[in-house]
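Thanks for coming. Please look at the screen first.

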Amino acid sequence: MSNRKRLLAESSYNAEAYVVARSSKRRWRIAGIVLLLLVLSVPARVVYYYFTDPLFTVPTKPFTALEALAEDHVLSAGEVAADAAQLVSLIESSHPAVSLHAVPGGYADAKARFLDATGVDMTVSAFRFLAMEYLAALGDGHTGIRLPITAFLPVRWKAAEETLLILDGESLPTGQVVTHIGGMPVAEVFAAIDRLLPYENEFGRARNHAVQATTKEVLEYAGADTRAPVAHAYRQSDGQLAETSIPFVYIDSDEDAGEDEPSLAFEMIGDVAYLDFNQCKYDDTFTQAKRAFADAVRDGARKVIIDARGNPGGTTATCTALLDAMSMEAPLYGLYVRFSPLARERNGHLRTSGSYEESPDITTARANPEITLAVLTDVRTYSAATVLGVRVQDGKLGVVIGQTSANSPNCYGDILYFQLDHSRLTGYVSYKRMLRPDTQADPRALTPDIPVEDGVDSLEVALAYLGK
């Protein structure tokens, strides 16, 4: 081969080698960049989810309470002050109203009165009532101090302005109004109850009045003479006052012992699938009844009643499961989660500060046009059970029949339990805020589509509505 040809061949070979080498370097460079991006994406994704998702990654510490102290046990001034400071710290580091700057107007004064009053020796009972007064200022039915009730008056009445309308009870005549209990005007008893217990709307306030005016501990707090039997003054039909006495029923007596109702019972009433849904507890009873309910719907039941009267709440997962069984999708509640050391300890959130938020969305609702659904509510329908009614009403999945719940649709909830160190009082605090899906609807009351008056059975109204 001539020198010229050899040089041309070597030049061509070197050029090809150069191209191959450069291409190889480019591939390695690209691979390195991709690898670097992948490596960087891991912490980036961790940071993103840390701030935008309520991660559950930390082992939880289940709440276990120490044995309660006797109500007449005397706490030292130092113990009282320490527990008062602990309570305020727990509330203000956990409750969403504080971080949202949405505490009611009277909260600051209530806090100041509480701290001012807790610098002396006092009984556990006295400290309990002071703590309850402080927490009542938040107006949150999911935040409070537990009050042990030992006895109640066996009467049923309805709060009406500054009196109690007698519905049923011992020697009190039905239809008359009680004006005094244990020597105290009913209006003053009501005022004491308002100081002691939170309410979210006027229906909740009236229920507090009617229920708590029967309890021994609350009547004693109000200043009534609770030496058994308790005197009641009532106004007769002729306008004259009369008096009668009623003994307390003690809750720990044998005659009050009994089995709890199942959390859900299912039956067919003609062609209507009926669920007596009295507790949002996801237990075996619920699972079995839900299966029977789902089978009935699948087999052709097209009329459904979910009876949530008296349901105090629990987990909304039960409500979602019932809607799923009917092939319905719920509208989304707005959600604000406040992270705190207590929320991390109880529920395992990764974060101990800050918040996570979702906006309400009514557009996710999807009804099943083949099913006519009625949900029954009353003033005792609460928490997760109220959520069910709101979802059905806002999402137009069916109708709500009955009475207005004491629980506001826009509310705080998902409680965290705690115990104070010295008094051993047990309490609970909300760490989430919920906003109803329909932002144009009443935020304070779930008003039934078909209201039912006292004394009328909402179930009969619902059956008539469904054409039974």
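Start with Asp-225, which forms a salt bridge with Arg-227, their closest N and O atoms being 2.6 Å apart. By salt bridge I mean a side-chain nitrogen of Lys or Arg within 4 Å of a carboxyl oxygen of Asp or Glu.

A word on the source: this is a predicted model, where local features need pLDDT of at least 70, side-chain atom pairs count only at pLDDT 80 or more, and totals for chains, interfaces and linings use all residues. Residues are numbered from 1 along each chain as its sequence is written, and side-chain values use heavy atoms, with hydrogens and water left out.

Back to that pair. Asp-225 is partly exposed at 31% relative accessible area, and Arg-227 is exposed at 63%. Buried means under 20%, exposed over 50%, and partly exposed in between, with a 1.4 Å probe and protein chains only.

By the salt-bridge rule the count comes to 17. In one of them, Arg-128 pairs with Glu-71, with the closest N and O atoms 2.5 Å apart. Arg-128 lies in helix H5 and Glu-71 in the loop between helix H1 (3-52) and strand S1 (74-75), so the pair ties together parts 57 residues apart in sequence. Helices (H or I, at least four residues) and strands (E, at least two) are DSSP runs, numbered from the N terminus. Arg-128 is buried, at 5% relative accessibility, while Glu-71 is partly exposed, at 33%.

Next, Lys-432 bridges to Asp-414, with the closest N and O atoms 2.7 Å apart. Lys-432 is buried at 15%; Asp-414 is partly exposed at 36%.
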